[in-house]
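Take a walk through this structure with the model open beside you.

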Amino acid sequence: MDATTVTVTGAGGQIGYSLLFRIASGDMLGADRPVRLRLLEIPQGLKGAEGAALELQDCAFPLLAGVEITDDARVAFDGANLALLVGARPRTAGMERADLLAANAGIFGPQGAALNDVAADDIRVAVVGNPANTNALIAAASAPDIPGDRFAALTRLDHDRAVAQLAAALDVPVAHLRGVVVWGNHSATQFPDVAHATVDGRPVLDALADRLGGADAATTWLDEEFVPRVAKRGAEIIAVRGSSSAASAANAAISHVRDLVHRTGDAWTSAAVLSHGEYGVPDGLYSSAPVSSDGTGYRIVEGLELDDRGRARLDASVAELVAERDAVHALGVI
Ligand code: NAD
Ligand code: LMR
């Protein structure tokens with residue numbers, strides 16, 4: 001089988017250090033798919049990428065067909081089948097949201113343009129670097145020849161966090177849960193939704209009511225503990241660990257691509273994909289939704305009911321995405 005070319009940007013950083021070894025071992029694409037890695041870094045990050053490449057060699061991964069390191073996006077994306085856009089400009093003290101968007105537009109705009117020019121025809125792009133949804137929007141807008149549905153931003157980490165919190169609350173293995181959805185932005189406004197979730201085939205809402213002493217107690221727990229815990233988990237990790245989630249983010253990126261390529265079956269997961277107006281989300285935004293894949297790409301699972309409270313939460317997160325998009329437009333970036 002020909003090797004799949006996988007480009008990882010920000011490969012010398014924290015997430016890169018967890019991600020590269022999982023890709024090279026076959027966790028992402030499968031034990032029968034050789035991979036060729038391309039590592040894109042900025043000049044000051046090249047040493048980190050070079051160090052990771054030395055360690056990749058020392059692992060003697062049978063599936064690893066080669067590793068190239070570059071600081072040139074056109075070299076990194078040349079012939080790429082998959083691109084994981086991890087490298088981003090972090091928010092630093094005193095930086096306004098508009099400054100952050102402008103700095104990242106300066107990264108994701110040129111990377112989108114390079115993907116447009118040199119990536120393989122079947123390119124698929126997963127954006128991890130924050131603000132991930134709007135970075136996906138910028139990259140896609142800068143790649144007019146690549147269909148917008150080939151881009152997605154990662155909300156799989158939020159999805160997995162929601163599943164893990166529910167499993168702990170219900171004292172069940174995570175594998176017994178299905179049907180969780182994360183809606184909206186990969187930010188504190190996101191809405192982790194359990195209205196359609198089941199545990200061993202039974203509605204999670206019923207199981208929570210039994211465990212917590214009634215439907216009202218379950219609603220209180222969801223509103224006051226579950227939703228904020230999941231939505232602010234990134235900040236909690238930063239506070240405890242001193243830097244943002246890395247191994248769990250890499251794991252989520254692996255799961256995102258693996259399920260895209262190997263199909264979700266009749267289950268769904270969450271990803272921020274291009275909106276065509278589903279669930280009232282404006283066209284053109286990258287907003288998290290329930291998605292399934294038949295192996296050719298993620299598509300939004302339609303037809304789920306959102307009650308008034310869920311609708312209000314999704315609307316608030318979408319309003320934030322609209323404001324980010326408008327700020328990027330005002331900068332004249334796209
Ligand atoms: P990091 O700072 O450890 O690494 C980022 C790397 O990107 C650095 O090595 C840096 O040199 C590189 N880089 C910066 N600009 C680049 C460019 N233009 N081209 C190529 N490389 C570039 O950060 P990290 O912990 O690896 O996190 C990376 C990003 O992922 C951050 O934006 C973080 O907020 C985000 N993140 C997203 C999620 C999610 O679920 N979507 C979860 C965790 C972290
Ligand atoms: C996460 O969800 O862990 C990160 O996106 C948090 C962050 O702000 O880097």
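**Helix H7 and its neighbours**

In this predicted model, the buried residues of H7 pack against H6, strand E7 (177–178), strand E10 (198–199), strand E11 (202–203) and helix H8 (215–231). Which residues of helix H7 (residues 204–212) are the buried ones? They are Val204, Ala207, Leu208 and Ala209. An α-helix has 3.6 residues a turn, so residues three or four places apart point the same way. Now look just past the end of the helix. Glycine 213 follows H7, and its phi is positive, near 95 degrees.

Step back to the whole chain. The protein chain has 11 helices and 14 strands. Its radius of gyration is 19 Å, close to the 20 Å that the globule rule gives for 334 residues, so the chain is as compact as a globular protein of that length. The C-alpha trace spans about 60 × 45 × 40 Å along its principal axes. Of the 334 residues, 52% count as buried. Take the contacts between residues at least 6 apart in sequence: 72% of them join residues at least 24 apart. The chain exposes about 14200 Å², and carbon and sulfur atoms supply 51% of that area.

Next, ligand 2. Which residues surround ligand 2? They are Asn130, Arg161, His186, Gly234, Ile238, Ser244 and Ser245. By class, this shell has one nonpolar, five polar and one charged residues. A polar side-chain atom of asparagine 130 lies 2.8 Å from an oxygen atom of ligand 2. For arginine 161, a side-chain N or O atom is 2.8 Å from an oxygen atom of the ligand. For histidine 186, a polar side-chain atom lies 2.7 Å from a ligand oxygen. Taken alone, ligand 2 exposes 270 Å², and the protein buries 72% of that.

Stay with arginine 161. This residue sits in helix H6 (residues 156–170). Is arginine 161 buried or exposed? Its relative accessibility is 10%, so arginine 161 counts as buried. Leaving aside residues up to four places away in sequence, arginine 161 touches Val230, Arg233, Gly234, Ile237 and Ser245.

Now turn to ligand 1. There are 22 residues around ligand 1, and Gln14, Ile15, Glu41, Val128 and Asn130 come nearest. Start with the backbone: a polar backbone atom of glycine 10 is 3.3 Å from a nitrogen atom of ligand 1. Then take the side chains. An N or O atom in the side chain of glutamate 41 is 2.5 Å from an oxygen atom of ligand 1. The side chain of histidine 186 has an N or O atom 3.4 Å from an oxygen atom of ligand 1. Taken alone, ligand 1 exposes 860 Å², of which the protein buries 82%. The elements giving two or more residues to this shell are helix H1 (14–25) and helix H4 (97–118). By class, the shell has 10 nonpolar, 11 polar and one charged residues.

Last, some backbone details. Most residues other than glycine have a negative phi, and most peptide bonds are trans. Where does a cis peptide bond occur? One joins asparagine 130 and proline 131, with omega about -5 degrees. Proline 131 lies in the loop between strand E5 (124–127) and helix H5 (132–141).

Aspartate 200 is not a glycine, yet its phi is positive, about 50 degrees. Find this residue in the loop between E10 and E11. At 55% relative accessibility, aspartate 200 counts as exposed. Arginine 263 also has a positive phi, near 80 degrees. Its place is the loop between helix H10 (247–262) and strand E12 (269–274). Arginine 263 is exposed, with a relative accessible area of 52%.

Proline 62 is found between helix H2 (46–59) and strand E3 (64–70). The relative accessible area of proline 62 is 82%, so this residue is exposed.

Notes
Residues are numbered from 1 along each chain as its sequence is written. Chains are lettered from A and ligands numbered from 1 in the order in which they are written. This is a predicted model: local features need pLDDT of at least 70, side-chain atom pairs count only at pLDDT 80 or more; totals for chains, interfaces and linings use all residues. Side-chain values use heavy atoms; hydrogens and water are left out. A residue is near a molecule or strand if one of its heavy atoms lies within 4 Å of it. A polar contact is a pair of N or O atoms within 3.5 Å; within protein, one must be able to donate a hydrogen and the other to accept it, and residues adjacent in sequence count only if both atoms are side-chain atoms. Accessible areas come from the Shrake-Rupley method with a 1.4 Å probe; for residues, only the protein chains shown count as cover. Ala, Val, Leu, Ile, Met, Phe, Trp, Tyr, Cys and Pro count as nonpolar, Asp, Glu, Lys and Arg as charged, and the others, Gly among them, as polar. Helices (H or I, at least four residues) and strands (E, at least two) are DSSP runs, numbered from the N terminus. The radius of gyration is taken over C-alpha atoms; the globule rule is 2.2 Å times the number of residues to the power 0.38. Buried means under 20% relative accessible area, exposed over 50%, partly exposed in between (1.4 Å probe, protein chains only). Contact means heavy atoms within 4.5 Å.
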